Amino acid sequence: MALDPITLAVIRGGLEQIADEMDATLERMAFSPVISDGFDRASGIYHVRDGEVIMQGPRGLPNFICVMEFTVRSVIERVKDIADGDVYIVNDPYLGGTHLMDVKMVRPFFYKGKLTAFLANSGHWPDIGGRVPGGFSTRATEIYQEGLRLPPVRIMDKGKLNQDVLDIILHNVRVSAERQGDIIAKITALNLGADRLTKLLDRYGEATVFEAVDEMKARSERLMRSHIETIPDGTYEFTDYIDSDGVEWEPLELKLKLTVSGSEVHVDFSESSPPCRGPLNSVFSTTLAGVFITFKHIFPDVPINAGCFVPIKVNIPTTTFLHAQPPRPVAGCAAEVCQRVIDVMLGALSQAIPDHAYAAPMGTVTNLSVGGENPGKGYYVFYSFIGGGYGGNFLTDGLINGNPTIAVARTQALEIFEFRYPVLFNRYTIREGSGGAGKRRGGYGVIFEFQIRDGNASASLLGERGRFAPFGILGGQSAQSAEHVFTLRGEEYRPEHVTKDENVHMEPGDVLSLRTPGGGGFGDPFERPVELVLQDVRRGYYDRATALREYGVRIQPDAWVVDVDSTRMLRRRQRS
């Protein structure tokens with residue numbers, strides 16, 4: 001008998017609530033601000049058969065949608081004698097992960113004595129050991145330099161803490177007490193999820209719940225196929241670049257062929273650059289997550305589970321830097337390469353469905369790690385990522401200071417930084433003029449500037465879009481690229497690789513100013529309504545000279561009086 005729609009909806013809501021409550025528990029208990037306030041975490045429920053995602057929390061990071069499915073699968077394939085009460089810790093990027101700092105935990109879920117599902121979560125640790133505080137070594141040439149690498153091992157063994165494994169971890173990371181707090185938070189969140197899932201199965205029965213799971217997967221697949229069918233059949237190509245790998249000043253090419261045929265899409269990255277020396281390689285699960293996130297951005301109404309991605313086929317061979325093999329370094333894969341995959345996918349789809357298109361977003365999270373000794377308080381490591389502009393699109397101007405496209409994570413509150421670490425913020429403001437001009441302009445990045453108050457520190461940056469700016473589409477202009485500047489002992493210092501550097505020594509009074517990219521513009525800037533140009537200038541987004549140069553709108557210097565430049569009128573007549 002088919003499951004009735006009300007029961008299906010209630011069970012779906014119940015599963016989503018379990019995942020969301022696991023997220024809430026993790027963020028409230030975590031010691032690391034990047035988890036508790038930045039929300040760099042995710043939780044989910046996974047199928048006992050093959051690790052397929054059943055449900056992820058609505059506030060969890062989108063790039064973990066696919067990744068943790070591979071993580072759970074690695075546990076299924078590698079762990080023998082799975083027992084009730086076990087919890088496995090794993091961060092190996094090549095076993096279904098991202099970079100080493102994203103540490104996953106997987107708990108097998110037993111119901112009435114039978115292995116029935118898996119619960120998993122992930123959270124970013126501000127440090128995982130390695131050659132630089134924070135793990136973002138821009139000059140690493142092998143993964144062993146990036147930090148502690150864990151295959152699936154028992155952190156909880158039949159309900160008992162495995163002290164030996166815990167000791168190994170805590171002896172290999174900086175600020176071990178903070179890491180121990182994060183471990184406890186993750187285990188507690190999984191335990192809560194197990195309790196809630198048991199109650200859901202008690203209420204509806206195992207057979208009914210998993211009948212609902214199968215139906216949710218089938219419905220997501222049908223809905224995604226129906227959306228893909230609205231894309232005209234054909235092959236669409238697009239190319240974009242990674243600035244450099246951090247070691248060699250050579251760009252990395254992401255070359256995409258996207259073929260649409262009926263209700264299926266084939267994504268081919270086989271002609272992209274080969275594996276690189278530096279940490280801008282990406283593992284397969286992270287690259288695949290970027291592909292999936294793009295379709296979720298384009299078709300947001302499709303519920304997240306394994307079914308929505310069945311119609312999407314990929315070719316990402318190991319001959320490219322997008323399917324790296326050990327021991328290639330991969331610190332930049334999650335936050336930088338994955339975002340560029342999304343950018344390239346959006347570029348190709350803008351050709352296929354221009355009436356539903358998006359210009360490039362900022363395409364970087366500007367990974368910042370600072371470690372040092374706070375006199376009288378001890379050693380610290382903090383990690384932050386920073387927002388930027390989204391691209392103009394078929395509906396609106398781009399978002400200002402948006403979250404990374406791979407995440408719903410956010411920059412942590414500056415008050416938390418200043419309370420916990422010896423830093424003082426000078427500026428956190430909109431980066432005026434950083435968005436690309438367009439009929440719908442790109443959003444703006446930010447200026448994020450702080451100084452060291454006390455003690456010596458070591459700063460590392462792993463970012464992007466310092467060389468290849470976020471692109472505009474359909475006549476829109478590119479955004480401004482990233483620009484990062486240190487002021488060290490009164491002298492300006494700019495990294496050789498623009499957005500990438502490591503172990504930059506900072507002393508009290510030294511300043512780091514990070515300027516993040518805006519988003520690309522959508523459509524011809526000369527088609528932007530004059531009243532919106534005037535509004536932008538009055539808000540201080542750009543000046544009168546930019547209004548004239550980019551939009552053909554002249555605003556009188558002593559009054560808010562507008563006239564249209566002849567160039568704009570000529571362009572409009574030509575287009576008409």
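Reader: At what angle do the axes of helix H1 (residues 5-29) and helix H5 (residues 176-204) cross?

Author: Two packed helices are described by the angle between their axes and the distance between the axes. In this predicted model, the axes of H1 and H5 come within 8 Å. Their crossing angle is roughly 160 degrees.

Reader: Is H1 roughly parallel or roughly antiparallel to H5?

Author: The axes of the two helices, H1 and H5, cross at roughly 160 degrees. Angles over 145 degrees count as roughly antiparallel. The relation of H1 to H5 is therefore roughly antiparallel.

Reader: Is the crossing of H1 and H5 left-handed or right-handed, and how many nonpolar residues does the contact have?

Author: The crossing of H1 and H5 is right-handed. By class, the contact of H1 with H5 includes six polar and three charged residues. Its nonpolar residues number 15.

Reader: Which residue of strand E5 (residues 114-124) is the bridge partner of Gly44?

Author: E1 and E5 pair in the antiparallel sense over seven bridges. Within this pairing, Gly44 has as its bridge partner in E5 the residue Ala120.

Reader: Which residue in the turn of the hairpin formed by E1 and E2 has a positive phi?

Author: E1 also pairs with strand E2 (residues 53-56) in the antiparallel sense, over three bridges. In that pairing Tyr46 stands opposite Val53. Five residues lie between the two strands of the hairpin, and the one with a positive phi, about 80 degrees, is Gly51.

Reader: Which strands stand at the edges of the open sheet of five strands?

Author: The order in this sheet is E14-E15-E20-E17-E18, with antiparallel pairing, and the twist averages 15 degrees from one strand to the next. Each edge strand has a single partner strand, so one side of it is left without a neighbour in the sheet. The edge strands are E14 (423-430) and E18 (491-493).

Methods:
Residues numbered from 1 in each chain as written. Predicted model: local features only at pLDDT ≥ 70, side-chain atom pairs only at ≥ 80, totals over all residues. Heavy atoms only, no water. Pairing = 2+ DSSP bridges. Helix = DSSP H or I, 4+ residues; strand = E, 2+ residues; numbered from the N terminus. Axes fitted to C-alpha atoms, helices over the stretch in contact; angles between N-to-C directions. Parallel < 35°, antiparallel > 145°, perpendicular 65-115°, else oblique. Left-handed = near helix turned anticlockwise from the far one by under 90°. Nonpolar A, V, L, I, M, F, W, Y, C, P; charged D, E, K, R; others polar.
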